Amino acid sequence: LFEPADPAVAKELAQKVIELADRCKEKFGVMPAFMEVCGSHTMALAKTGVKLILQGHVNLISGPGCPVCVTDQKQIDAMIEVAESNNRIVCTFGDMIRVPGSKRSLQSAKTEGRDVRIVYSPLDAVRIAEENPEKEVVFLGVGFETTVPVLAAAIQLAAQKNLKNFSMWATTKLVQPVLRTLLSVKKVKINGFLLPGHVSIVLGEQAYQFLIDEFRMPGVISGFEPVEMLSAIYKLLKMVYEDRPEILNNYKSVVRLEGNKTAQKIMNEFFQPCDEAWRGIGVIPQSGLEIREKYSRFNAKEKFNIKVGEPKKTLCRCGDMICGLASPEECVLFGKACTPLHPIGPCMVSTEGSCAAHYSYMRKE
Ligand code: SF4
């Protein structure tokens, strides 16, 4: 499994991590546990074998950073309803199309003849709107701070082109409020965070200082190579062992103290904070971004009067998964009714989902 750029360094580092983790366990009586916030880390840790190698020494818990996994079912139900009219085109990122809503997915709506298209960028949806002036084109805008600047750029482009038939159903998420909720409301039992690389490029290192000030919780921003992740885990262990919590930036080549000012500027120009519903968690105050009033003509939630009911409870435990309260094997559907070919929940659909990662690389035969 292990394919690091420098195998000798990775091997030595893995050994150091294991030794220090075992010393932590001896000192505190429990195995150290860290949450990887980002879905890309979840997949990278599983795919590269880092998680497997550290099994029994460090408990690596998946967090709420996969945008597909945290999207509330009601948003998918709403988009299916939008797609149900003949003169509309719904555009979405690839992963979202297979995520089941209350009854069906956008993929099944497409199979039934609705015009649902996968795009690689919201800018493609703007182009589709330009090419189809007789149709309403709606883009399902999901994502964290990494994606929001490009969502904003799409609205900016549509405004420049004065498009009347483009709008966005934005359901975006912010990292800071959900981490605060996990620690203060959900009381997740962890010793530190492996902080996301991509989101931190936009937010900057300073965005996590609250973890120290409010919770004395250490965090290390990391890249996605095995050596980078192992080195971040080692630094976390050292802080835990010495009881000296800090926020460290282990991804200095791309993450700056203050983040990307240009991305933050365009985000603030087109979006403002709002309460947002998270799958399995519920509404977290000021944890999302909505399109500003000034650009409300591009807000699909205002353009289409869609009302959806509460989704039914299912056996899927994705909600617990994104809060670090369950592991994939604890879901009774895992590997039986729910597989990557026939996914029941978003954690199995998404290429960054914890169930998909576990099924592909960690599953017990
Ligand atoms: Fe949901 Fe499937 Fe994961 Fe169970 S195994 S939590 S049903 S995605």
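## Helix packing, a buried helix and a ligand shell

In this predicted model, the axes of helix α2 (residues 39-47) and helix α16 (residues 354-361) come within 9 Å and cross at roughly 10°. Angles under 35 degrees count as roughly parallel. The crossing angle therefore makes α2 roughly parallel to α16.

Which residues meet where α2 and α16 touch? From α2 come Thr42, Met43, Ala46 and Lys47. From α16 come Ser354, Ala357, His358, Ser360 and Tyr361. By class, this contact of α2 with α16 holds four nonpolar, four polar and one charged residues.

Next comes helix α4. This helix spans residues 73-83, and nine of its 11 residues are buried, so α4 is largely enclosed by the rest of the structure. The buried residues are Gln73, Gln75, Ile76, Asp77, Ala78, Met79, Ile80, Val82 and Ala83. What covers them?

Now the ligand. There are 14 residues around the ligand. Cys316, Cys331, Cys338, Gly345 and Cys355 come nearest. Two helices, α14 (318-322) and α15 (346-349), each supply at least two residues of the shell. How do the residues of the shell divide by class? The shell has 12 nonpolar residues, one polar and one charged.

Definitions and conventions
Residues numbered from 1 in each chain as written. Predicted model: local features only at pLDDT ≥ 70, side-chain atom pairs only at ≥ 80, totals over all residues. Near = placed C-beta within 6 Å. Helix = DSSP H or I, 4+ residues; strand = E, 2+ residues; numbered from the N terminus. Nonpolar A, V, L, I, M, F, W, Y, C, P; charged D, E, K, R; others polar. Axes fitted to C-alpha atoms, helices over the stretch in contact; angles between N-to-C directions. Parallel < 35°, antiparallel > 145°, perpendicular 65-115°, else oblique. Contact = placed C-beta atoms within 7 Å. Buried ≥ 20, exposed ≤ 12 C-beta atoms within 10 Å, placed from the backbone.
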